[in-house]
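Me: Could you walk me through the ring contacts and the helix packing in this one?

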Amino acid sequence: MTAFVTENRILDAEECLPRAELEALQLTRLRQVVERVAHVPFYRDAFALRGLSANAIHGLDDIRRLPFTTKADLRRYHPLGFITLPREKLARIHGSSGTTGTPTFVAYSQADLRLWANLCARFLVSGGLRPEHTVQVAFGYGLFTGGFGLHYGIEYVGATIIPIASGNTRRQIELMQDLGSEVLVCTPSYALTIAETARELGIDPRRPLKFAHFGAEPWTEAMRQQIEAELDLLAFNNYGLSEVIGPGVSGECAARNGMHIQEDHFLVECLDPETLEPVPEGEPGELVFTALTKEAMPLLRYRTRDIARIWREPCACGRTSARMSRVTGRTDDMLIIRGVNVFPSQIEEALLRVEGTTPHYMIEVDRPATLDEMTVRVEVAPELLSDRMDRMQILKERIGREILTVTGIRAAIELAAPRTLERFMGKAKRVTDKRAIVDREAP
Ligand code: DLL
């Protein structure tokens, strides 16, 4: 690992390795990690069943002989059955609350924490962060990996951090102005809340912000445009998940055309979630990651449930790594409504096509009799709210049509006044499924 924000150098050498060299490095590291996890009970048993050892890995394709790891496996070995180091060697434990079931924990060694800081620094730098910037971290600090992950990445770059965490939006805005934050780090939905609150307070939120790094939840290109217009900044997307390391798995460069996956540390597969066979390059599939270099708790073939596309064409920025698209849905977030697959992101896409509907919405699915029904509640701009029922009806029909076009589903539309739907400081939770509760995370 090198500190890379020196005079003219803003890339780690490993980020631009020629493909063949990158793959050779991945293969060496894959063998090492297989060896490292061989005594973890889950993998020991799975390897025994398959007659596997590190010697059985001859090429990267041999990854397909390795077992998958799922959230349900982590639960089965709760709380820390996947660690490869003695407990006393752990430096940090984070956790993910998840929406169903028991929380799961992830562990880091000192070396893992250094690696994590480096990986976050890489995407921050590729998205414009420099040591002279002041950065406001409005992610939660705690078991969630967002706050601490980004914090140490920013520190690694050498920029000034304001670790305000999420919440207290008014203070957030005051501080931003007082201390001159140029960079904002949070979820995209919280950025919208910040913009909205600033407007209400009569504060111009556009100064001094210059750019932002958003992640931890799905968002659309239209939402990016809206945030950029309201806050007058450049917004970069970054992706990660606790089980793999936290933020730092991938992030956008200046080209903002896909997120560079940090492939020297994470081997990625893009699989058909049903057949678990690789999808053709560029096609959407479930992302599956193998952590190649982590010490304390490297997971093999972790099934993220995130749907995205992956491609490997070279990027103008010089990085040679594969890029991933936005996450277009999760296999477990996917709603099946009257047999049709619907992702919350599609509803957002439809809403953003109708001027005057803000991106604050909630989706409710119910089955009052035999048929599923979807209701979309959406906040609309004050100037669109009217006492005239006919006008409101026209607006509802327009929204309904857009949702039908995007999803193929007819939804009941309810219009809400501004600021009446719930706001989120962290990840937005927009779906209520009132049909029979199922454990969506079961393998
Ligand atoms: O959300 C790690 C993170 C923190 C990433 C801060 C980026 C910034 P978890 O709480 O384990 O970890 O949630 C991981 O969040 O599987 C995705 O479904 C979703 N997610 C994360 N980043 C993005 C993104 C953190 N840029 C889960 N776009 C993942 C869409 C994202 N979804």
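Me: Which residues form one aromatic cluster here?
Reply: Phe 42, Tyr 43, Phe 47, Tyr 77 and Phe 82 form one aromatic cluster, where rings of Phe, Tyr and Trp (its six-membered ring) pair if their centres lie within 6.5 Å, with planes under 30 degrees apart counted as stacked, over 60 as edge-to-face and the rest as tilted. This is a predicted model, in which local features need pLDDT of at least 70 and side-chain atom pairs count only at pLDDT 80 or more, while totals for chains, interfaces and linings use all residues. Residues are numbered from 1 along each chain as its sequence is written, and side-chain values use heavy atoms, with hydrogens and water left out.

Me: And how many aromatic pairs does the structure hold?
Reply: There are 13 aromatic pairs. One of them joins Phe 42 and Phe 82, a tilted pair at 5.2 Å centre to centre with 45 degrees between the planes. This pair links distant parts of the chain, 40 residues apart, since Phe 42 lies in helix α2 (residues 41-50) and Phe 82 in the loop between α3 (71-76) and β1 (92-96); helices (H or I, at least four residues) and strands (E, at least two) are DSSP runs, numbered from the N terminus.

Me: Are Phe 42 and Phe 82 buried or exposed?
Reply: Both Phe 42 and Phe 82 are buried, meaning under 20% relative accessible area, against over 50% for exposed and partly exposed in between (1.4 Å probe, protein chains only).

Me: What about Phe 214 and Trp 219?
Reply: Their ring centres are 5.5 Å apart and their planes lie at 85 degrees, so Phe 214 and Trp 219 make an edge-to-face pair, and both residues are buried.

Me: Changing topic, which residues of α6 are buried?
Reply: In helix α6 (residues 169-179) the buried residues are Thr 169, Gln 172, Ile 173, Leu 175 and Met 176. They span an arc of only 165 degrees around the axis, taken from the directions from the helix axis to the C-beta atoms, which puts them on the same side of α6.

Me: What covers them?
Reply: The cover includes β3 (134-137), β4 (160-162), β5 (183-186) and α7 (188-201), with contact meaning heavy atoms within 4.5 Å. Just after α6, Gly 180 takes a positive phi of about 70 degrees.

Me: Last one: which charged ends sit over the ring of Phe 68?
Reply: The charged end of Arg 301 sits over that ring of Phe 68 at 4.1 Å from its centre, and the charged end of Arg 303 does so at 5.9 Å, the criterion being NZ of Lys or CZ of Arg within 6 Å of the ring centre and within 35 degrees of the ring normal.
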